[in-house]
Amino acid sequence: YGDCCCDIMPKSKRSKIVPLTQTKKKGHNRKTAIIDDIKDCFKKYVYLYVLRPQNMRNNQLQDLRNQLRTSSRIFMGKNKVMQLALGKDDQSELFPKLSEVSKHITGHCGLLFTNEKREIIDRFFEQFGGDNFPRSGFVATDTLILRQGPLEGFTASLEPYMRNLGLPTILKKGIIELQGDYTICKPGDVLTPEQAKLVKLFGLKMASFKITLSCFWSDGQFEEFVKPEKAETEEKQGEEEDKEMQLDTKVGVEVNSTVKQQQQQPQKQTSTTEQEGENEEVEIEQTGHTEQVQTNVPDKGEDKSEETQPKQKKKEKENKKQKINYIYRRDCLT
């Protein structure tokens, strides 16, 4: 191993997936650019809000950006990147009480930098909203039942797509027909991805799109409108843990009481020692000889548990058979 090149490994000949796309990954430079943009916004804008959209789609977000483009800027990125820009602790925060704002950056949320007054922003988001198509995981509020027969308003090319989503459809003379009645959803059902696509396909808007304001910051002043999602989940988990602790204490008290009762009761003594048995005469009809064989038979007056008796009887029978076979072989040889 002295001079050989053992550190150089041969190239792998395994098949590798080579992407042919020319898109580049958003690496560290992209993240640092977002952090710098957020820090620069504190010089241009006065007020900062944390937004929480519900049932929002991309076209509605684009409309929001267009309406507030002149006086504000919206950031919808990764939560950890936005938290790093604001500061997670008192030591790393840019300005006082910005670490409180970073606690609200959880789940699906965004940042809104604006120069508009608070009254105007509150009024704008109260009016901004509307109906929208639900997504997977949404709890249905209406019933959607399809009746048997032709489905009007759909082209023939959609028939395989409907069949893949679970609808019992057939294409007849260029018209999509439903073979039987089919219920897509009922109130209280949690929608699956297939159900959500069918609801959108048939144009039923169950969900309501709206944006809520979580907190407000301006020049070191912080105000909380809604508790962060982590705080709410921690409170629920704490309540559940308290209930579990109470149940554990109740179970522990019951177990201790049963153990004490068992200790007070007299324990049954089972004799495991084997005593000398009586001599039994065993007759072998084939040879005509009689032999006296000593077997261990328990006394009748002996108190034994129900579990040990059948085991001892089996052992006695096996011992008798072995000794009888031994005597029979001995006599045959003689």
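Visitor: What does the accessible surface of the protein chain come to?

Guide: Accessible areas here come from the Shrake-Rupley method with a 1.4 Å probe, and for residues only the protein chains shown count as cover. For the protein chain the accessible surface comes to about 25,600 Å², and 48% of that belongs to carbon and sulfur atoms. This is a predicted model, in which local features need pLDDT of at least 70, side-chain atom pairs count only at pLDDT 80 or more, and totals for chains, interfaces and linings use all residues. Residues are numbered from 1 along each chain as its sequence is written, and side-chain values use heavy atoms, with hydrogens and water left out.

Visitor: What percentage of the residues count as buried?

Guide: Buried means under 20% relative accessible area, exposed means over 50%, and partly exposed is in between (1.4 Å probe, protein chains only). Of the 334 residues in the protein chain, 26% count as buried.

Visitor: How many helices and strands are there?

Guide: Helices (H or I, at least four residues) and strands (E, at least two) are DSSP runs, numbered from the N terminus. The protein chain has nine helices and 13 strands.

Visitor: Which strands pair with S1?

Guide: Two strands pair if DSSP finds at least two bridges between them. S1 pairs with S3 in the antiparallel sense, over five bridges. S1 and S10 also run antiparallel, joined by seven bridges.

Visitor: Is S1 mostly covered or mostly open?

Guide: Mostly covered: six of the eight residues of S1 are buried.

Visitor: Where do the nonpolar residues gather?

Guide: In soluble globular proteins, nonpolar side chains tend to be buried together. A nonpolar core is a set of buried Ala, Val, Leu, Ile, Met, Phe, Trp, Tyr and Cys residues joined through side-chain atoms within 4.5 Å. The largest one here has 20 residues, and those with the most contacts inside it are Ile38, Phe42, Leu48, Leu86, Val101, Leu111 and Phe113. At least two residues of this core come from each of helix H1 (28-44), strand S1 (47-54), helix H3 (79-86), helix H4 (98-103), strand S3 (110-114) and strand S10 (207-218). Apart from this core lies another, of 18 residues, including Leu146, Leu178, Ile184 and Leu198.

Visitor: What is Leu48 in contact with?

Guide: Contact means heavy atoms within 4.5 Å. Leaving aside neighbours within four places in sequence, the contacts of Leu48 include Phe42, Leu86, Val101, Leu111, Phe113 and Trp217.

Visitor: How many residues apart in sequence are Leu94 and Phe42?

Guide: They are 52 residues apart in sequence and 9.5 Å apart in space, C-alpha to C-alpha. Leu94 lies in the loop between H3 and H4. Leu94 counts as partly exposed because its relative accessibility is 38%. For the protein chain, among contacts between residues at least 6 apart in sequence, 72% join residues at least 24 apart.

Visitor: What is a polar contact, and which one does Ser214 make with His104?

Guide: A polar contact is a pair of N or O atoms within 3.5 Å; within protein, one must be able to donate a hydrogen and the other to accept it, and residues adjacent in sequence count only if both atoms are side-chain atoms. The side chains of Ser214 and His104 are joined by one of 2.8 Å. Ser214 is in strand S10, and it counts as buried because its relative accessibility is 1%.

Visitor: Which polar contacts join the side chain of Glu159 to others?

Guide: One of 2.5 Å joins Glu159 to Arg163, and one of 3.0 Å joins Glu159 to Thr169. Glu159 is in helix H6 (residues 159-164). At 5% relative accessibility, Glu159 counts as buried.

Visitor: What is there to say about phi at Lys97 and Asp219?

Guide: Most residues other than glycine have a negative phi. Phi of Lys97 is near 65°, a positive value, and phi of Asp219 is near 50°, also positive. Lys97 sits in the loop between H3 and H4, and Asp219 in the loop between S10 and strand S11 (221-224). Lys97 is partly exposed, at 45% relative accessible area, whereas Asp219 is exposed, at 64%.
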